[in-house]
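Open the chain in your viewer and keep the selection panel handy.

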Amino acid sequence: QVQLVESGGGLVQAGASLRLSCAASGGTFSNAAMGWFRQAPGKEREFVATISWSSWRIGNRDYVDSVKGRFTISRDNAKSTVYLQMNSLKPEDTAVYYCALDLRGFARFDPNDYDYWGQGTQVTVAS
């Protein structure tokens, strides 16, 4: 059974940094794509970033425009872990952040294309 476990959320001041981690277990991830989404109160779940492990898209990264230049997604294949480094945080980044995994490696922006989800981790940015 594939499981995703997130960590690293918290309460920070605007301008600070946080690094989220998402550890995957229970499967083979050689071709997987992994993404980060977020959901603020009263809003729909929003794509944040994605990275692919698949041989044809190795290292490909995509970001929502609002986080480009501030957030960086990366992976550690040996640990089956994906990270989201968040710098220059803003109050509007406040949300529950979820990691997601697509074993086939094709998912990008659409949450419906991901097969597995973590439990979420709260990020709160105070002004």
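Strands here are DSSP runs of E with at least two residues, helices are runs of H or I with at least four, and both are numbered from the N terminus. This is a predicted model, in which local features need pLDDT of at least 70, side-chain atom pairs count only at pLDDT 80 or more, and totals for chains, interfaces and linings use all residues. Residues are numbered from 1 along each chain as its sequence is written, and side-chain values use heavy atoms, leaving out hydrogens and water.

Start with a cartoon view: you will find 11 strands and zero helices. The radius of gyration (over C-alpha atoms) is 14 Å, close to the 14 Å from the globule rule (2.2 Å times the number of residues to the power 0.38), so the chain is as compact as a globular protein of 127 residues.

Now colour by burial: 45% of the 127 residues are buried (under 20% relative accessible area, with a 1.4 Å probe and protein chains only).

Then select Trp36, Leu84, Met86 and Tyr97, which touch the most other members of the 35-residue largest nonpolar core. Such a core is a set of buried Ala, Val, Leu, Ile, Met, Phe, Trp, Tyr and Cys residues joined through side-chain atoms within 4.5 Å. Among the strands that each supply at least two residues of this core are β4 (33–39), β8 (81–86) and β9 (95–102). Finish on β9, which gives the most, with five residues.

Notes
Buried means under 20% relative accessible area, exposed over 50%, partly exposed in between (1.4 Å probe, protein chains only).
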